[in-house]
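Subject: Structure handover

Hello,

Here is the structure you are taking over. My notes follow it.

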Amino acid sequence: MDDEVRKYLVEIGRRGGTKSRRSLSTTQAQSMVRLREAKRAFKKFRTACFWSYDPNLKITAADIHWIAEQLRKHGNRQAWEIAERLCR
């Protein structure tokens with residue numbers, strides 16, 4: 001590989017890496033993790049707790065409390081523990 005091409009690719013990679021990095025506050029990162037965990041719980045316990053809802057329901061941050069409530073009401077011990085993690 002030509003030395004100029006190598007330098008060009010290094011520069012592009014460096015700029016792309018610095019632009020794509022985002023800084024999240026601790027609160028934002030925790031909210032993202034809670035939302036991801038709520039989506040997983042909805043899929044995992046769909047037949048036990050969420051059978052009457054659309055399987056393709058879009059879960060948002062506003063739904064986290066509702067998901068935790070349904071997990072406690074209709075789920076087993078594992079569902080209860082996930083609900084507790086969602087409400088921290």
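Gln 70 lies in helix H4, residues 64-74; helices here are DSSP runs of H or I with at least four residues, strands are runs of E with at least two, and numbering starts from the N terminus.

Before the rest, the basis. The model is predicted, so local features need pLDDT of at least 70 and side-chain atom pairs count only at pLDDT 80 or more, while totals for chains, interfaces and linings use all residues. Residues are numbered from 1 along each chain as its sequence is written, and side-chain values use heavy atoms, with hydrogens and water left out.

Gln 70 and its surroundings

Gln 70 counts as buried because its relative accessibility is 8%; buried means under 20% relative accessible area, exposed over 50%, and partly exposed in between, with a 1.4 Å probe and protein chains only. With neighbours within four places in sequence left aside, Gln 70 is in contact with Cys 49, Phe 50 and Gly 75, where contact means heavy atoms within 4.5 Å.

Gly 75 sits in the loop between H4 and helix H5 (77-86). Its relative accessible area is 29%, so Gly 75 is partly exposed. Again leaving aside neighbours within four places, Gly 75 touches Cys 49 and Gln 70.

The cysteines

A disulfide is taken as a pair of cysteine sulfur atoms within 2.5 Å, and by this rule the count is zero. Cys 49 is in no disulfide, and the nearest cysteine sulfur, that of Cys 87, is 14 Å away. Cys 49 counts as buried because its relative accessibility is 4%. Cys 87, at 35%, counts as partly exposed.

Leu 57

Leu 57 is placed in the loop between helix H3 (46-49) and H4. Its relative accessibility is 33%, so Leu 57 counts as partly exposed. Outside the four places on either side in sequence, Leu 57 is in contact with Phe 42 and Trp 66. Leu 57 and Lys 39 are 18 residues apart along the chain, and 9.6 Å separates their C-alpha atoms.

The whole chain

The protein has five helices and zero strands, giving the pattern α-α-α-α-α along the sequence. Its radius of gyration is 21 Å, whereas a compact globule of 88 residues would be near 12 Å; the radius is taken over C-alpha atoms, and the globule rule is 2.2 Å times the number of residues to the power 0.38. Along the principal axes, the C-alpha atoms fill a box of roughly 65 × 25 × 20 Å.

Of the 88 residues, 18% are buried. Among contacts with a separation of 6 or more, 41% join residues 24 or more positions apart. The accessible surface is about 7,000 Å², and carbon and sulfur atoms account for 51% of it; areas come from the Shrake-Rupley method with a 1.4 Å probe, and for residues only the protein chains shown count as cover.

There are 20 positive and 10 negative side chains, and the centres of the two sets lie 5 Å apart. Lys and Arg count as positive, Asp and Glu as negative, and His and the chain ends are not counted; each charge is placed at NZ of Lys, CZ of Arg, CG of Asp or CD of Glu.

Regards
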